[in-house]
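Thanks, everyone, for making the time this morning. Before I start, please have the sequence and the model open, so that you can follow along as I talk.

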Amino acid sequence: MNIEPPGIPYNFSDLEPAISRDTLVLHFGRHQRVCYDRVLAGVRGTQLEALSLEELIRVTERNPAQHNVYRCAAELWNHNLYWRSMRPGGGGAPHGVVADYVRARFGSYERFAREFRETAAAHFGSGWLFVVVRDGTLRIVTTSNAGTPLVRGDHALLALDLWEHAYYLDHENRRGAYVSAFLEELVDWDGANARLAQFAGEPRALRQRSDAATARAGALRVP
Ligand code: FE
C-alpha cells in the first residue's frame, strides 16, 4: 500500500474560533477517515494497490467501473490539500510569488477575495473550491462532490471544502461566514507559495511559461 494515512498539520483546537475543535474532530477523524478506509478496501488485493494516491485518482477516474474508488481517493486527496491550505493565525492578503499571480489575474487582492466569495456562494450543493494555476494563470474553480483538479491537469494551490460538514457545526447554513473565516483567519499563503514553487520546478510548467503573470512573477526558470 503506497497511500499514507491522512494527517493534519496542527492540533484540533488550533483553528478556533474560525473552525471549532468539534468540527475538525468529526471532519478529519470521521469523514476523511471513511474515505481512507474505503480506498484501502477498494484497492486491496488488486493491481491498484501498487499505485500512489495521485496515480490511483488518475487511473480510476478514467474507468467508470472504478468510480467508487475514484471518489474516495479524490476526497482523500482534496482533504489532504484542504488541511494544508489553512494554518493557525493565517488569513489576509497573500505575499510572495502568489501575490504577483493574484495581481496579474485579478488586479488586486480585494477583487480576488470578492470573486472567491462569490464563487463559493454560487456553487450549488456539495463540492470544493480550488485556487489553481491553469496555463500559467491563477483561477478560482469549483468542483461538485469529490471532483478534483488533479484529473484536469490544474495545479492546485489552495482547497476549500464546501460540503456542509465542513462548516455546519460552527456556522450552520451560513456558508459565507465560513468562507470569510477561511480568507480572513485561516488561509496559509506560505503553503500556496511552496506548492507554486514546486509546480514551477516541473518540466511541464517550464513549457507553459508563456503567460505574462508567470514571467512577471519570476517563478519559472528558463531551462
Ligand atoms: Fe470534507
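This is a predicted model: local features need pLDDT of at least 70, side-chain atom pairs count only at pLDDT 80 or more; totals for chains, interfaces and linings use all residues.

Residues are numbered from 1 along each chain as its sequence is written, and side-chain values use heavy atoms, with hydrogens and water left out.

Let us begin with the fold. The secondary structure of the protein comes to ten helices and three strands, where helices (H or I, at least four residues) and strands (E, at least two) are DSSP runs numbered from the N terminus. Of the 223 residues in the protein, 49% are buried, and by buried I mean under 20% relative accessible area, with exposed being over 50% and partly exposed in between, using a 1.4 Å probe and protein chains only. Among the contacts in the protein with a separation of 6 or more, 68% are between residues 24 or more positions apart.

Now to the metal site. Which residues coordinate the iron ion? They are His27 and His79 through NE2, Asp161 through OD, and His165 through NE2, at 2.0 to 2.1 Å. Donors here are N, O and S atoms within 2.8 Å of the metal (3.2 Å for Na, K and Ca), and since water is not among the atoms, sites may look incomplete. Along the chain, the donors of the iron ion follow the spacing H-x51-H-x81-D-x3-H. The angles among the four donor atoms run from 87 to 145 degrees, and the site of the iron ion is irregular. To spell that out, four donors count as tetrahedral if all angles lie between 85 and 135 degrees; four count as square planar and six as octahedral if opposite donors are over 155 degrees apart and all others between 65 and 115; anything else is irregular.

Next, please turn to helix 5 (residues 109-122) and helix 7 (residues 175-186), whose axes come within 10 Å and cross at roughly 145 degrees. Axes are lines fitted to C-alpha atoms, for helices over the stretch in contact, and angles run from 0 to 180 degrees between N-to-C directions. On the helix 5 side, Tyr109, Ala113, Phe116, Arg117, Ala120 and Ala121 take part, and they meet Arg175, Val179, Ser180, Phe182, Leu183 and Glu184 in helix 7. The residues of this contact divide into eight nonpolar, one polar and three charged, where Ala, Val, Leu, Ile, Met, Phe, Trp, Tyr, Cys and Pro count as nonpolar, Asp, Glu, Lys and Arg as charged, and the others, Gly among them, as polar. The buried residues of helix 7 pack against helix 3 (67-83), helix 5, strand 3 and helix 6 (168-171).

Leaving aside neighbours within four places in sequence, phenylalanine 182 is in contact with Ser85, Met86, Gly91, Phe116, Ala159, Leu160 and Val187.

Another buried residue is valine 132, at 0% relative accessibility, which lies in strand 1 (residues 127-134). Valine 132 and leucine 196 are 64 residues apart in sequence, yet their C-alpha atoms are 9.3 Å apart in space.

I will finish with some backbone details. A cis peptide bond, with omega about 5 degrees, joins glutamate 16 and proline 17, and proline 17 is found in the segment before helix 1. Asparagine 145, in the loop between strand 2 (137-144) and strand 3, has a phi near 55 degrees, a positive value in a residue other than glycine. Glutamate 172, in the loop between helix 6 and helix 7, likewise has a positive phi, near 50 degrees, and is partly exposed, with a relative accessible area of 44%.

Definitions and conventions:
Contact means heavy atoms within 4.5 Å.
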